[in-house]
Amino acid sequence: INCSDRYSLYINDYNYGSVGKNACDIEVNLRHGKNVIKIYQNGKTIEHTVICTKEFTGDYVTFISPDENMFYNGGTVLDITAGAYYGAELYAVIGDKKIKMKSIQDSYGDYTVFSCSYKLPKGREVSHSIGNVIIEATVNGNTRTYTGGSITINGKGQETTQNSQQVVLPQ
């Protein structure tokens with residue numbers, strides 16, 4: 001397609017807007033294996049198939065939050081985030097619960113930010129750990145696990161005040 005500055009350019013249904021006249025330079029992330037790239041502008045479509053044979057060898061996950069040992073009141077909604085490779089599929093695992101994470105931001109280079117929420121179980125008489133936040137990241141069928149901070153549910157009478165990690169002792 002000979003690019004025109006009068007029409008929007010679409011690549012795989014993503015609108016790049018007006019990109020200027022004649023040639024344009026746009027990066028497209030390729031995944032391992034077969035990639036179909038559809039370029040559309042002003043009623044004209046070109047389709048390319050690109051086979052990517054190089055396996056991704058970088059870090060699947062670059063950060064996890066929470067990443068420290070944390071204490072929460074029972075019933076708190078815990079927000080879990082992770083920076084991960086753009087083409088990855090992510091799950092957060094806490095104890096026996098597995099939650100699919102969704103991309104919440106445009107990619108920054110080869111990476112993006114994923115997030116999910118999990119409602120913690122109710123507190124017991126005494127504080128108890130429910131384990132670490134584990135992130136399972138899968139890229140091109142290969143899965144790696146990453147460990148975040150441990151989560152402890154405060155015991156009754158040890159609940160923290162809202163937005164605070166300090167323990168409020170009973171009087």
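Reader: Which residue in S11 does aspartate 79 stand opposite?

Author: Aspartate 79 stands opposite serine 117 in S11. Please note that this is a predicted model, in which local features need pLDDT of at least 70, side-chain atom pairs count only at pLDDT 80 or more, and totals for chains, interfaces and linings use all residues. Residues are numbered from 1 along each chain as its sequence is written, and side-chain values use heavy atoms, with hydrogens and water left out.

Reader: What counts as a strand, and when do two of them pair?

Author: Strands are DSSP runs of E with at least two residues, helices are runs of H or I with at least four residues, and both are numbered from the N terminus. Two strands pair if DSSP finds at least two bridges between them.

Reader: How many bridges link S7 and S11?

Author: Strand S7 (residues 77-85) and strand S11 (residues 111-119) pair over nine bridges in the antiparallel sense. Alanine 82, for instance, stands opposite phenylalanine 114 in S11.

Reader: What is the strand order in that sheet?

Author: The order is S5-S7-S11-S10, an open sheet of four strands with antiparallel pairing. Strand S5 (61-65) and strand S10 (102-103) are the edge strands, each pairing on one side only. S10 is joined to S11 by two bridges, and these strands run antiparallel. Lysine 102 stands opposite serine 115 in S11.

Reader: How many residues of S11 are buried?

Author: Seven of the nine residues in S11 are buried, so the strand is mostly covered; buried means under 20% relative accessible area, exposed over 50%, and partly exposed in between, with a 1.4 Å probe and protein chains only.

Reader: Turning to the other four-stranded sheet, what is the order there?

Author: Four strands form an open sheet in the order S2-S1-S3-S4, with antiparallel pairing. Strand S2 (14-15) and strand S4 (44-52) stand at the edges with a single partner strand each, so one side of each has no neighbour in the sheet.

Reader: How many bridges join S3 to S4, and what lies between them?

Author: Nine bridges join S3 to S4, which run antiparallel. Asparagine 35 stands opposite valine 50 in S4. The two strands form a hairpin with two residues between them, and asparagine 42 in the turn has a positive phi of about 50°.

Reader: And where does S1 come in?

Author: Strand S1 (residues 10-11) is joined to strand S3 (residues 33-41) by two bridges, and the two run antiparallel. Isoleucine 39 in S3 is the bridge partner of isoleucine 11.

Reader: Which residues does histidine 128 touch?

Author: Leaving aside residues up to four places away in sequence, histidine 128 touches Lys122, Gly123, Ile151, Thr152 and Ile153. A contact here means heavy atoms within 4.5 Å.

Reader: Finally, how many helices and strands does the protein have?

Author: The protein has zero helices and 13 strands. Buried residues make up 33% of its 171 residues.
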